[in-house]
Amino acid sequence: MPKQPGKRPTRTPLGRNKRAELGVIDFTLAKRALLRDAQVGVLGLTDICDAHPELVRAAKHVGEPTKHDCPVCGKVKLVLLAYVYGEGLRDQNGRVWSIDTGLRMTAANPGASCYVVEVCTNCQWNHLREAFTARRSATG
């Protein structure tokens, strides 16, 4: 589409199509192995339901609910949180964010990383779901 004079191009929010700008590590296989070990008795519930109280609090107040039941207790839907770390983030480094905000911040800061954690607010199960690392700036 040709650029119209005087009209600025609109920026689309970071979504599935923009995730190509981020290196992604998916921890699904590790999650399956952990849950399998719990099912066969290698690990106990106290070994896997060990979320820090601050993580559970953040999940209750900032987390984004999913459509997926907790794989351990099955009583509530899992909640997602994003934690972003990067040298250029200063006072925003290591804070909890919504998923969209976390991904945008990561994409805008080369070398930054966003860690998406899923949490059960009932049994306190938690697991690292995905990690994203900025390959290049979203503005560049």
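Me: Helices (H or I, at least four residues) and strands (E, at least two) are DSSP runs, numbered from the N terminus. Which residue follows α1, and what is its phi?

Reply: This is a predicted model, in which local features need pLDDT of at least 70 and side-chain atom pairs count only at pLDDT 80 or more, while totals for chains, interfaces and linings use all residues. Residues are numbered from 1 along each chain as its sequence is written, and side-chain values use heavy atoms, with hydrogens and water left out. Helix α1 is followed by G41, whose phi is positive, near 95°.

Me: How do you know that the length of α1 agrees with what a helix should span?

Reply: The expected span is 1.5 Å times one less than the number of residues. For the twelve residues of α1 (residues 28-39) that gives 16 Å, and the end C-alpha atoms are 16 Å apart, so the two agree.

Me: Why is G102 called buried?

Reply: Buried means under 20% relative accessible area, exposed over 50%, and partly exposed in between (1.4 Å probe, protein chains only). G102, which sits in helix α4 (residues 99-108), has a relative accessible area of 0%, and therefore counts as buried. Taking contact as heavy atoms within 4.5 Å, and leaving out residues up to four places away in sequence, G102 touches A82, V84, W97 and C114.

Me: What makes the buried residues of α3 line one face of the helix?

Reply: In α3 (residues 53-61), the residues L55, V56, A58 and A59 are buried. Seen down the axis, they fall within an arc of 160° (taken from the directions from the helix axis to the C-beta atoms), so they line one face. The face turned away from this buried side carries the exposed residues P53, K60 and H61, whereas the buried residues pack against β3 (77-85), β4 (96-97), β5 (113-119) and β6 (126-134).

Me: What makes a set of residues a nonpolar core, and which members of the largest one touch the most other members?

Reply: The members must be buried Ala, Val, Leu, Ile, Met, Phe, Trp, Tyr and Cys residues joined through side-chain atoms within 4.5 Å. Of the 14 residues in the largest nonpolar core, L22, V84, I99, L103, C114, V116 and F132 touch the most other members. The largest share of this core, four residues, comes from α4.
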